[in-house]
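I opened this entry to look up how two chains meet and what lies inside each. My notes follow the display.

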Amino acid sequence: MDKITLNYEEMVAAYWDSLNTVLRGFNAQGEFLDLWVPDEDGVSSILNLVEAVQETGYNQMELDLTTETAQEIDLARLQEELVALGTVNLEPTATGYRLQVNGLTEGAAFHNLHAAYVAALRQAYQGPSQAGELSAQEGLELVHCTIKGVGLSVLVEPQRKIIQQAKWQGAEGPLEVGMMNACCQVILGLSLLEAADHGVLRLEDYLRDERLRRPAAGIVIPEKVEPAFGLPLELLRGLLSDFRKRTGYDQTINFFVKAYSNAWQALDGAGRKQRLQESLDQFLKDRKLNPKLFEVLSLDEKGRVTLASEVEFGRDQKAQLLLQLERHLDKHLEENLHLYVQELEDKNSKRRKTQENE
Amino acid sequence: MNQKADKGQLILDGTKLDWHLDRVRAWERGEKVPPITIDMALTRACNFACGFCYAMLQENDRQRIDQKVIYEFLEDCAEIGVKGISLVSDGESTISPVFMDTVKYGASLGLSMAVGTNGYVFTKRKLEELLPHLTYLRVNISAGERDRFAEIMGVKPEWFDRVCQNIKDMADIKRQRGLEVTIGLQMVLMPEYEDQILPLALLGKELRPDYLIIKHCSDSEEGSLGVDYGGYERMYGKLEQAEALSDEGYSVQVKWSKIKDEGKRSYQRCYGPPFMIQLSGSGLVAPCGMLFNEKYKKFHIGNIVETRFKDIYHSDRYWEVMNHLASPHFNAQKMCGTLCLQHKVNETLDQYRKGQRPLKDPTGTPPQHINFI
Ligand code: SF4
């Protein structure tokens with residue numbers, strides 16, 4: 001079944017009507033209505049409805065809402081919750097809004113997944129497949145692990161143990177396939193030890209939609225907040241232990257730092273500073289913030305960036321923006337850039353004198 | 001008044017995190033866990049000027065912690081489940097007008113209280129009033145001879161006599177009144193203070209605190225204090241001789257694990273601060289002292305002078321910063337100074353997360369100072 005179009009207010013009215021007049025089998029309008037019970041909370045009510053439509057086998061749903069109903073509903077929360085079921089689109093109409101949820105059939109596979117990971121996993125599922133076999137090549141070592149019928153093979157450059165290629169075998173269903181596609185992408189360029197130690201942390205970070213609530217009130221431990229991370233975790237650790245067994249590799253302390261991208265390496269100091277300033281400007285523009293908020297003072301070889309700010313803004317706001325900006329640069333420019341503002345000198349004159357005399 | 005349940009082992013070079021596995025498990029489940037230990041100061045000021053003092057590198061926007069602020073802070077700590085508060089951090093808390101009240105009020109709320117101090121402003125009367133409320137009192141003293149004390153700690157030579165008298169009084173009061181408090185001395189060892197290792201160990205033997213701990217000196221990631229980590233190895237013999245001066249009732253211990261690490265970390269993610277955070281004497285709440293300077297603004301969470309601690313703890317900002325430290329965006333090997341207060345906790349949790357060390361419920365008698373992990 002492909003698509004169904006419904007009117008929310010009519011559905012609610014019909015439900016109450018049936019409830020008052022019919023004792024059994026009152027939802028004669030459609031089979032899926034047997035599964036639907038409206039809720040006082042508008043978000044839960046619509047969520048229930050979309051789930052009912054999905055379970056009945058529809059792939060696409062359109063739901064019209066009047067302006068009055070929409071005003072009573074937390075539309076942001078509704079969209080956030082619906083992400084787990086399909087791709088969501090909300091458009092204004094002459095009388096209110098039309099809510100479209102597409103890809104419900106595939107979305108069923110992501111149903112129990114934490115909403116923060118659904119969009120990226122769906123994309124990874126639909127994107128280029130990383131399924132396949134690998135065989136040893138000259139100068140590269142083949143490492144393999146299989147857990148619960150899913151295999152992961154990588155080709156590793158033997159000196160620094162850097163993963164050059166990765167392919168999976170045997171994953172089934174959109175969730176597992178999406179997870180393994182993403183995993184194969186994320187571990188490229190990492191050392192085997194880094195992949196085992198932090199590969200899943202990186203994968204979680206890569207898949208998480210930062211616009212949605214963090215998946216835990218406290219610290220996010222990937223396989224605890226979302227059990228689907230358990231498989232890549234076991235596989236990545238399995239790769240390392242396979243490699244250790246075969247080669248006697250026994251390094252446990254991990255000093256891995258990902259190399260700068262080729263594009264970044266090709267730039268000189270001024271070029272890097274310019275790229276950094278552009279990325280910073282974009283960050284401020286996207287947030288409609290004062291474009292003069294931060295200025296790049298320096299950027300060293302180790303990726304330490306010192307920013308200055310002449311503009312007065314709230315203490316907490318500055319701290320928050322700096323952290324967000326660093327994550328933005330990490331994801332959109334280069335992985336190893338770290339932001340600082342100017343150092344403050346010790347105001348304790350006695351202590352400072354001691355330091356100056358040394 | 002502080003009443004210790006029993007006399008377990010005194011762990012000075014290690015972590016007691018294993019004794020708080022309920023919190024570790026809750027942390028792993030993604031729950032908000034209150035810190036077990038908070039290390040803080042009541043002021044950033046100090047009446048000494050030690051050459052090794054890390055506080056020089058920790059300047060931030062100073063605010064004043066008055067009695068209202070600290071009382072509310074202590075009440076919040078007790079309410080959310082903090083267990084121990086050590087007044088150490090980046091200032092000399094004993095020179096704050098609210099020092100005595102802080103210790104007494106904290107203890108009355110059921111919090112374990114501890115102090116790290118240069119030991120100068122005490123009098124016998126003050127010590128008698130203070131010691132019953134403390135789990136431990138540790139005097140920072142990095143020399144065992146008068147003139148070297150003056151040089152190293154940036155004060156007049158006669159201050160050495162007063163500090164020694166105070167240490168002796170502490171030990172006497174403890175013994176005479178049968179108090180549970182542990183009296184300790186701490187030497188922050190720079191390679192150039194090698195000549196003071198044995199004189200200090202001998203001085204301790206005479207003054208009779210419970211222990212002397214000798215530890216490495218921390219430095220910033222840029223090496224601002226100029227600590228020569230390679231210089232410690234030549235002192236191993238002297239350090240062993242100092243340890244051999246231990247007797248019944250006086251233990252000399254070297255923080256071998258940190259000294260031997262030569263300032264290197266085995267971990268990149270930092271998982272410790274949710275269990276053990278630090279507050280600056282300015283009221284600043286940050287994951288740790290190494291991040292106090294204004295330079296590390298991105299990690300600054302709030303200030304107890306402006307916001308109640310319980311609100312800071314529950315805020316999204318608090319957990320955003322904690323999550324950032326535990327994420328792939330953070331690398332302690334590159335971004336932190338050497339061997340922070342949380343180092344052992346970090347190391348333990350990192351090994352656990354990497355599957356290198358299981359979580360095991362401990363058995364036997366709990367160690368002393370269990371709430372100071
Ligand atoms: S590892 Fe770094 S961030 Fe973590 S507590 Fe230590 S100094 Fe602070």
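I began with polar contacts across the interface of chain A and chain B, and the rule finds 19 residue pairs, both at pLDDT 80 or more. A polar contact here is a pair of N or O atoms within 3.5 Å; within protein, one must be able to donate a hydrogen and the other to accept it, and residues adjacent in sequence count only if both atoms are side-chain atoms. The model is predicted: local features need pLDDT of at least 70, side-chain atom pairs count only at pLDDT 80 or more, and totals for chains, interfaces and linings use all residues. Residues are numbered from 1 along each chain as its sequence is written, chains are lettered from A and ligands numbered from 1 in the order written, and side-chain values use heavy atoms, without hydrogens and water.

Next I asked which elements of chain A supply two or more residues to the side that touches chain B. I found α8 (192-207), α9 (222-225), α13 (315-332), β10 (338-341) and α14 (349-357). Helices (H or I, at least four residues) and strands (E, at least two) are DSSP runs numbered from the N terminus. α13(A) gives the most, with 11 residues.

I then took the totals. In contact (heavy atoms within 4.5 Å) are 53 residues of chain A and 64 of chain B. The buried area is about 5200 Å², with 51% from carbon and sulfur atoms; this is the accessible area (1.4 Å probe) that two parts lose on being put together, summed over both. There are 5 salt bridges between the chains, meaning a side-chain nitrogen of Lys or Arg within 4 Å of a carboxyl oxygen of Asp or Glu. I noted A:Arg214 with B:Asp316, the closest N and O atoms being 3.2 Å apart.

I turned to A:Glu204, in helix α8 of chain A. Is A:Glu204 buried or exposed? It counts as buried because its relative accessibility is 3%; buried means under 20% relative accessible area, exposed over 50%, partly exposed in between (1.4 Å probe, protein chains only). Its side chain makes a polar contact with that of A:Tyr117 (2.5 Å).

In chain B I checked helix α7 (residues 197-207), where the buried residues include B:Ile197, B:Leu200 and B:Leu203. The buried residues of α7(B) pack against α6 (158-177), β5 (182-188), β6 (211-215) and α8 (236-243) of chain B. Just after α7(B), B:Arg208 takes a positive phi of about 65°.
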